[in-house]
Amino acid sequence: MLTKNNSLAALLRAHSKRVYSVSTAALLAMTCVYTCATLAKANPLNPNSDAAAFVEQQVNQQQTMSNTLADNMWQWAETRFHEQKSSQAMQDILIEHGFEVDVGVSGMPTAFVARYRLGSASKHLSSVSQVTGPVIAILAEMDALPGLSQGAVPHKAPISGKAAGHACGHHLFGAGSLAAAIAIKNWLVLNKVNGEIRLYGTPAEEGGSGKVYMVREGLFDDVDSVLHWHPGDQNTTQPMTTLANKTAKFRFHGIASHAAAAPERGRSALDAVEAMNYMVNMMREHVPSDTRIHYVITHGGGAPNVVPEFAEVYYYMRTPSAADLPALWARLEKTAQAAALGTETTVDWEIMSGVWSTLPNATLAKVTHEAMQAFGGIEYSQKEQEFADKIRPTLSKRAVRQIGNEQKIMPFTDDIYHATASTDVGDISWNVPTTGFVTATWVPGTAPHSWQAVAAGGMSIGFKGMHLASKTLALSAIRLFEQPQLIQEAKTEWRKHVGNVQYQSQIGNRTPAL
C-alpha cells in the first residue's frame, strides 16, 4: 500500500502541489518500480542474475499479508459457490497491487480472472490483439468442505456453530497463489519483461466443477502454460494424473401414506433409493477394478410412520479415463430406472459436476522441481514440532515412517503417479499444458479431508507450506518467462499426449449448480 512505504510517501509529499493525470493502475505500476528498485538497492539482490533470491525476498515480505488472508479464509470456511468473502478479499488485494480483475466470470459470482501485463499489446480476454510475451496462468482455489469444523489444535475439537472447514487446504491454495502472482508481477515490472501473469480465482472445486465452466467459456484459450499447487503432507513435484469423475443427484418420487394404517396405498421413494444402491453395489463386481463409485443418501424421508414420497441419493463415479465414463454411467442410470420400475415410483436426475482426468506434463513438472529445490524443505519450530508430536498418534501407522518428510523435497522421476482423487484442473490440462505440485502444509501422514488437515492448515505449519508453494510457483513462472523455449517444449509434449482426443465437457450445457 502506498501509505505503508515511508520513502514513497515522502516522494509523493514532495510533489503534492503538482497536478498529474495518472490512472490507478499506472500509479501502482510506478509504485512497484520505485519500491522494487529501492529494495534492490537496500538489499543487494540482483533479480536478473538471481531470481530465486528475488522471489525469496518478495514472498517473505508478503508473509503478513498472505498469512492474514489465509487465516481469514480459514475462519470463514465458505463452501462451494458461496465464497463471497474469500473471493472479495483476494480481489481487493490484487486490485491494490495493480491487477485488472474481471469478476463473476462464467456465470459464477465468486469466480474471477486477474491479470497484469507488460507489452504494447495483450491477449486480454476483451481484446483481439496479441500479447508480446507469454501468458502464464496460476490457479487459486478457495472453497471449504461442509461438515468438517475443527479448531487449530492437535486434538479433535469442532468449533461450535461452524458447519464447514478447510480440510483440503484451499484457503492456503488461494492465498499462496495470490502471493506468487504479486511476486511475478513485481519481477516483470522490475526487469521490463513483456508478458502477462494471470491469477484465476476458481470456486467450487469440491463437487462444483468451477474450472470446467471457465474452460467451457474459453477463458484459457490464449494461455501458454498453467501452474497450480495443492496442500498436502509432503513436498513433491512428481507428474501426476487423477481420476475422471461424474456426479449426479438421483431423485425418486413416490406416494405418501400411513406406514401402518394404509401401507398398501403408499409407494416408497426410499425403497427405490435402496433398490438402486443395492444394484449398484452388485455392479461393483462387474466394472474395471480401478473404477470408484460412492454415494450418500441426502434425503430419506421425514418420519418412520410416513411412506416417503421423496428420496434422493447423491452419486460419484470415477474412472482413470474420461473416455470410459459414458458407458459405465449409462449402467448407473439403468439401475435408477430399474429401481423406479420395481417400486412403482418415478425418477429424475441432475448432473452436478463432471471432470476429466489430469494430463501430466513432465516438461513443466521439471521446471517446478528445480524451483522447489532452490528453496529446500520446511523446518518446524519447537512449537510446531510439539503440535506435530501431539497430533501424530491420531494419524495412521504410516505417519511414524514419515516423520521429517516436511524437510525433504521428494526425488523427481519420469514415472507418473496415479492418484485416485479427482479435480477440475483436469479439464484445464486437456486444453493447456498444465502442471501442479504439493507442499507439506499438514503434518506428514495426514489424510486430506480430515480434521487433522483442518487443524494444521489453521496454524503456522500450514502457512510455512504455503510460503514454499508461493516461492515455487513464482520462480517457475519466472523461468518460463526467461526461457520461452520451455513453453514450446511443454506444448510439444502436450500435443503428443493429447493426440486425437477431442475434449468435450462432461457437464454438457448446464449452468453452474449455484
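Here's a quick tour of this protein chain and its aromatic rings. It's a predicted model, where local features need pLDDT of at least 70, side-chain atom pairs count only at pLDDT 80 or more, and totals for chains, interfaces and linings use all residues. Residues are numbered from 1 along each chain as its sequence is written, and side-chain values use heavy atoms, with hydrogens and water left out.

**The overall build**
- The protein chain has 16 helices and 14 strands; these are DSSP runs (helices: H or I, at least four residues; strands: E, at least two), numbered from the N terminus.
- Of the 514 residues in the protein chain, 56% are buried, meaning under 20% relative accessible area with a 1.4 Å probe, protein chains only (exposed is over 50%, partly exposed is in between).

**Ring meets ring**
- You'll find ten aromatic pairs in the structure. Rings of Phe, Tyr and Trp (its six-membered ring) pair if their centres lie within 6.5 Å; planes under 30 degrees apart are stacked, over 60 edge-to-face, and the rest tilted.
- Trp-356 and Tyr-503 make a tilted pair, because their ring centres are 5.1 Å apart and their planes sit at 45 degrees.
- Trp-356 is in the loop between β12 (346-355) and α10 (362-375), while Tyr-503 is in the segment after α16 (484-498), so the pair ties together parts 147 residues apart in sequence.
- Trp-356 counts as buried at 9% relative accessibility, whereas Tyr-503, at 23%, counts as partly exposed.
- Phe-250, Tyr-295, Tyr-315, Trp-329 and Trp-349 form one aromatic cluster.

**Charge over ring**
- Lys-185 has its charged end over the ring of Tyr-116, 5.2 Å from the centre; this label needs NZ of Lys or CZ of Arg within 6 Å of the ring centre and within 35 degrees of the ring normal.
- Lys-249 lies over the face of Tyr-314, 5.1 Å from the ring centre.
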